[in-house]
Amino acid sequence: MNSVSVIKGHIVFTDSASEFTIIENGYIVSENGSIIDVCDSLPEKYHGIDVTDYGDSLIIPGFYDLHNHAGQYLQCGTGMNKELLDWLQDYTYKLEKDLADPEYAHRVYSRYVEDLCKYGTLGACAFATSSTVGTECLFEEFKKVGIRGFVGKVNMDCNAPDFIIEEAQKSLEGTRYLVEKYKDEPLVRPIITPRFAPTSTREALKMLGEMAVANGLPVQSHLSENRAEIEWVRELFPEYANYASVYAGYQLFGETPTLMAHGVYLTEEEVEMCRNGNVYLVHCPDSNINVRSGIAPVKEFLNRGLKVGLGSDIAGGHKIQMNEAIVRAVQSSKILAVDKPDAQLSLSEAFYMATVTGGGFFGRMGKLKRDYQLDALVIDDDPLYKERYSLEDRLEKFLYIGDDRWIAARYVGGRLLKPE
């Protein structure tokens, strides 16, 4: 029993999206990082094992950010008056170019990964840049901090400034190098990452799809974020009926687990393609507002059986905190609900998206129950809140007004992460 550990506190998670599961003064027993028991009293067989007692604190699952751009982290809160395509040209590509310098990349990426962990994100799917060396730095920073990640070298060989694109074969060679180097890492793994269809030639998309299928690698990209972007895709790929079909035509849409960010303007055919494939839509409410893209009908997607997670989408999104993404998802849905009342998301649904759906992309994570990995946050809120409010109300307060100062401990795979 030496590898068995026990933590105690008020356990709150979503077993289903419709409601919170609450175990007051509960115990979580884990072995080698996997939860083997969750109970309201400790079974006799575990007596004698030291219990880490967090008293009146909440124990909740960690957050999983399914879409963000590590290569844009310094840009957060900058250029927020621009629409997507102008924003990329005027700000993003210049910053990403500089991250080809490994010394600078380590400085930026260390801040990015440390802040993910600081604010409770225990798993993130990250776009780096087109630089192989820079992307390698991002892998190393994830390993150093000890949180989960899928890291992608951004593949782009056209329709962007010359200083950031690569010839298709060179881009693929860099990707292949990173895949071979990091494919067996336990926490941070490679993911195939065409930036979006317009910045890839047909040759590049074909090679990326073949690499993904041959190696069983997941895929991440963007889908139907912005009306101008959709029109651009239509002009560049006239042979395809819609945006999703471009990816599908090159084995990049559900042949392996696939993340598609945004989905604000999906056609009926695209909704069905997502529902029937191994595709996760990633709702990024902050960035959709900031770059004036629109609001995705997330509640409708959930009702139709689509898998929908949440992303901060920094730097289109201006904050890396996933509790803020949860709140903004609820708030955005309320705007849609002004005209369509059944469009509103509940807090438990948005929380489920950030924990269970997000964790599901990484493996068995996101629930505090048997056979799931122990990825958890301990929330120590104000004593005035503790004495007055219910456990569910206290969780809501953390999601709406909490920050890193409320997080007393972070566990990844049962391992307590030590503060820097």
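Reply: Asp 380 is partly exposed, with a relative accessible area of 35%; buried means under 20% relative accessible area, exposed over 50%, and partly exposed in between, using a 1.4 Å probe and protein chains only. Asp 380 forms a salt bridge with Lys 386, and the closest N and O atoms are 2.4 Å apart. A salt bridge here is a side-chain nitrogen of Lys or Arg within 4 Å of a carboxyl oxygen of Asp or Glu.

This is a predicted model, in which local features need pLDDT of at least 70, side-chain atom pairs count only at pLDDT 80 or more, and totals for chains, interfaces and linings use all residues. Residues are numbered from 1 along each chain as its sequence is written, and side-chain values use heavy atoms, with hydrogens and water left out.

Asp 381 forms a salt bridge with Arg 394, with 2.9 Å between the closest N and O atoms. Asp 381 lies in the loop between strand 15 (376-379) and helix 13 (383-388) and Arg 394 in helix 14 (residues 391-401), so the pair ties together parts that are 13 residues apart in sequence. Helices (H or I, at least four residues) and strands (E, at least two) are DSSP runs, numbered from the N terminus. Both Asp 381 and Arg 394 are buried.

Glu 349 forms a salt bridge with Lys 299, the closest N and O atoms being 2.6 Å apart. Glu 349 belongs to helix 12 (residues 347-362) and Lys 299 to helix 10 (residues 298-303), so this pair ties together parts that are 50 residues apart in sequence. Glu 349 counts as buried at 13% relative accessibility, and Lys 299 is buried at 16%.
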